[in-house]
Amino acid sequence: MAHPNKHIREALEYGKLHGWRFEKAGGRAHIYGTIYCRHGHSDCLIFIHSTPRNPEDHARRIRRKVDRCPNPIGA
Ligand SMILES: [Zn+2]
């Protein structure tokens, strides 16, 4: 799970701490992978871009998505 960008790596780590699963994308070059919560909420899913134009903003969106899960796991 080593994304080239530090901000994205931290956001993925944040998701992991909250019980989110990461799935590496196959094939689609601009999509690095997907993270989703383990409850299967249809809205709890976000695509991780390989080279986001604004990595800090993308990382913020990932964290916000994790925070919005109605049944959070962990701290
Ligand atoms: Zn959820």
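View 1. K16 is partly exposed, with a relative accessible area of 47% (buried means under 20%, exposed over 50% and partly exposed in between, with a 1.4 Å probe and protein chains only). Its side chain meets that of E13 in a salt bridge of 3.7 Å, N to O (a side-chain nitrogen of Lys or Arg within 4 Å of a carboxyl oxygen of Asp or Glu). E13 is likewise partly exposed, at 37%. The closest N and O atoms of the E10 and K6 salt bridge are 3.7 Å apart.

The model is predicted: local features need pLDDT of at least 70 and side-chain atom pairs count only at pLDDT 80 or more, whereas totals for chains, interfaces and linings use all residues. Residues are numbered from 1 along each chain as its sequence is written, and side-chain values use heavy atoms, with hydrogens and water left out.

**View 2. The salt bridge of R60 and D57 in helix α2.** The side chains of R60 and D57 meet at 3.9 Å, N to O. These residues are three apart in helix α2 (residues 55-67), about one helical turn. Salt bridges that share partners join D57, R60 and R61 into one network.

**View 3. The zinc site.** C37 (SG), H41 (ND1), C44 (SG) and C69 (SG) coordinate the zinc ion at 1.9 to 2.4 Å. The donors (N, O and S atoms within 2.8 Å of the metal, or 3.2 Å for Na, K and Ca; water is not among the atoms, so sites may look incomplete) follow the spacing C-x3-H-x2-C-x24-C. C37 is buried, at 3% relative accessible area, and H41 is partly exposed, at 24%.

How values were computed: Helices (H or I, at least four residues) and strands (E, at least two) are DSSP runs, numbered from the N terminus.
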